[in-house]
Amino acid sequence: MTKIYYEITSNPSSIKLTDIPVLSYSEFQKTVDELMSVESNHCLNYFAFPLSDKYKFVCCIGDDETKKIIILSHEQPKTKDISLESITAKHFQFHVFEREIYENYGIYFSNHPWLKPIRYPFNRSNLENKISNYPFYSIDSEELHEVGVGPIHAGIIEPGYFRFICNGENVLHLEIHLGFQHRGIEQLFLEKQSVLQQTILAESIAGDTTIAHSIAYSLLAESLANKTISEELSIERTIALELERIAIHIGDTAALCTDVAYQLGQVINEALRTIIINTNQFWCGNRFGKGLIRTCGSHYPLTKEIIEIIKNNLNEVEQRYLQITDRIFTLPSVLARFETIGKVTKKQASMIGAVGIGARSSGLKRDTRWSHPFLQYDKINYEPIVLPKGDVWSRAMLRKMEVLKSVAIIKELLNKYDNEKIIDNPNYDLKFEPYFIAISMVEGWRGEICHTAITDNKGKIIHYKIKDPSLHNWMALALAVRGQEISDFPVCNKSYNLSYCGNDL
Amino acid sequence: MPLKEINILGKHGKQFVPDLEMVELTPLFRGRPIIGTNITEEEKNKVISLCPVNAINNSPFCIDMGKCLFCNECHFALPEKINFTNDYKIATNDRSKLIIQAGQDIPIKINPDKIRKEIKSFFKHALKLRQVSAAGDNSTEMELNAAGNVNFDMGRFGIEFVASPRHADGIVITGPISQNMAEPLQICYDAIPEPKLIILAGTDAISSGIFAGSKALNRSFLDKYNIDLYVPGNPPHPLTFINGVLNLMKNKK
Ligand code: SF4
């Protein structure tokens, strides 16, 4: 039997582009269909890019339980009106990927239920589609009304547009229209070929996920250049990633309290978050960790002094976070706004391919640290926390539990860390393998991040694909508010805290 | 108040920073750079080509904080000769003051001649601002939020972010301004009553940072108006923002 896909089992990985079998579209469809009928599989990425006179389509499917990533591909000649039968019709989680391919290249997917623009990139195939003219779904009815919010919101947050269809106070439908943040970042990865510039681009994909995205880029670049990193550097990166998770989870706990008017919970958690991001600043000079993650080395190796600060601050934060969350999760006025609100079932989460917090709070055991371990995660016996109910309470509680787990992980790693060992300086002079595809996955605080790069015959990156967990999870938010009071939207929104710029690449 | 809350508050203690002008930030924080005068031509060329955003220029040799991402790479290349101090008071209304020459080691100030008259008279005691993220990566946005939190508490000076542009005295722009945000930004600005301020927060807003040259941007808004305050940083520290705004309001030289 001829091979129909390529299977990789390490994260990150790079392979020859020609090693991925090219299927006919009908074979591709059939194989995807078979793979997607396995419950533990989900689509990590599906994208197209121009390659001489063809479009090459690459699809990566990850298994939650084994370390497997399956890569398969098909190709289509670059003719004018390409039309393919949509996979979304059967496997809904493909909707964003097919929409993106349609938006970028005008490749049509028949039977796609929702073939709408996704981010209005400057180089989209149809410039007639204007961001100010998004085709919102609407219902012709005398009883229903529509509520539009955005793109600029009340607070200091990124822009995006929400359109609710309501029956009185009740939300029947929410449509989320994004794209305002589009900065052309994937294209810039091709225009700026220096490794340092690319690292900084990765740091700026989403400023609240600086560490996770820059680790994803570094792992990918190192793999593409055949470089391995030292155990100590790997420990440092893992610690940085978990610190980022702690900081944002605590910040989100504060934001959730704000939205249910529990002011004490808000201010205490804000102050605790400050301690963590100031720890980052002590370590590397920047509260978000910009400058910390560099390819093949680091400018800021952990010293005894920094380790002391991290340990002390973690102890302080852990204690006080436990105290305040004990209160938050027993206060009836808070619980009334958290429990049973914004429910997304396991079935829905699985259908939309939810990842990270959005998956684990709905009973789906999906966590890159466990399924596709990178850095130190296969050495610490990491086991994901999964909660079954899928409501705001679960997403808040999951954050609390993950903060405590991250603290424990960092403590364990610091005990292993040998600060006598010398950490290499960063190396930006990397030569990438020619005609390769590289893929790296990182579990950021929101969830699964996946970076993919393709090189040409000189090792130059000709396609760079970033997947932020938000791409999957925005749909979870839309489902969460169905049937809720519209006044529950803010707390549902905060419970996911999704990225706008992470979507608008 | 229930006992539990009192306990929590007891542990919490006082969190606010009493004097926002005199904070000693951690040593590695990167604020105003100091450039040595003894850099050789070869070294100059080395860091000029290393800098990811062309923030370093020759003749005369200088670093433009409006373009700089404070990545510190030039320091690591020339550790003895380029250093970023932890002086966080680097906001100014004079774009040219963001350019630091070799040998220069003086605090960054407001240029009183560049403050518009109506600002001097209107905004002395309180300031309400509307923030617009125009493709900001969310780090500057988070720092602006932090400027109002229990630690920095800029509300004590009457400075506040408001929801409606109709209630605002000015606009704070973050991000390199995407094409897709150009129109909403303009609409928001137009809705603010006169006289109104424009503040650019973060290197991305000031010069588009690492996104310089991206075809997805549209920065034409900035060509039309006078900019009242530049707050550099990647992202700017809350203290940089608060001190900059205070100095502008109080017309501090
Ligand atoms: S710190 Fe600023 S000037 Fe120095 S290399 Fe980085 S961006 Fe360029």
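What is the handedness of the crossing of α6(A) and α8(A)? In this predicted model, the crossing of the two helices is left-handed. Helix α6 of chain A spans residues 231–259 and helix α8 of chain A spans residues 304–328; their axes come within 12 Å and cross at roughly 30°. Two packed helices are described by the angle between their axes and the distance between the axes. Because angles under 35 degrees count as roughly parallel, α6(A) and α8(A) are roughly parallel to each other.

Two further helices of chain A were examined for burial. Helix α14 (residues 470–480) of chain A is mostly covered, with eleven of its eleven residues buried. Among them are H472(A), N473(A) and W474(A), together with M475(A) and L479(A). In helix α2 (residues 95–105) of chain A, nine of the eleven residues are buried, so this helix is largely enclosed by the rest of the structure. The buried residues of α2(A) include H95(A), F97(A), E98(A), R99(A), E100(A) and E103(A). Helix α2(A) is followed by G106(A), which has a positive phi near 75°.

Y120(A) is a residue other than glycine with a positive phi, near 45°. Its relative accessibility is 1%, so Y120(A) counts as buried. Y137(A), by contrast, is partly exposed, with a relative accessible area of 37%. On the surface, Y137(A) forms a nonpolar patch with I139(A) and L172(A), and together the three have about 240 Å² of accessible area.

Backbone geometry was also considered in both chains. Most residues other than glycine have a negative phi, and most peptide bonds are trans. In chain B, N138(B) is not a glycine, yet its phi is positive, about 85°. N138(B) lies in the loop between β6 (127–133) and α5 (139–147) of chain B, and at 9% relative accessibility N138(B) counts as buried.

Cis peptide bonds were found at prolines. In chain A, the bond that joins G150(A) and P151(A) is cis, with omega about 0°; P151(A) is placed in the loop between β9 and β10 (161–167) of chain A. In chain B, a cis peptide bond joins N234(B) and P235(B), with omega about -5°. P235(B) belongs to the loop between β10 (229–231) and α9 (238–249) of chain B.

Notes: Residues are numbered from 1 along each chain as its sequence is written. Chains are lettered from A and ligands numbered from 1 in the order in which they are written. This is a predicted model: local features need pLDDT of at least 70, side-chain atom pairs count only at pLDDT 80 or more; totals for chains, interfaces and linings use all residues. Side-chain values use heavy atoms; hydrogens and water are left out. Patches are made of residues with over 30% relative accessible area and no salt bridge: like charges are joined within 9 Å, nonpolar side chains (Val, Leu, Ile, Met, Phe, Trp, Tyr) within 5 Å. Accessible areas come from the Shrake-Rupley method with a 1.4 Å probe; for residues, only the protein chains shown count as cover. A salt bridge is a side-chain nitrogen of Lys or Arg within 4 Å of a carboxyl oxygen of Asp or Glu. Buried means under 20% relative accessible area, exposed over 50%, partly exposed in between (1.4 Å probe, protein chains only). Axes are lines fitted to C-alpha atoms, for helices over the stretch in contact, and angles run from 0 to 180 degrees between N-to-C directions. Helices (H or I, at least four residues) and strands (E, at least two) are DSSP runs, numbered from the N terminus. Angles under 35 degrees count as roughly parallel, over 145 as roughly antiparallel, 65 to 115 as roughly perpendicular and the rest as oblique. A crossing is left-handed if the near helix is turned anticlockwise from the far one by less than a right angle, and right-handed if clockwise.
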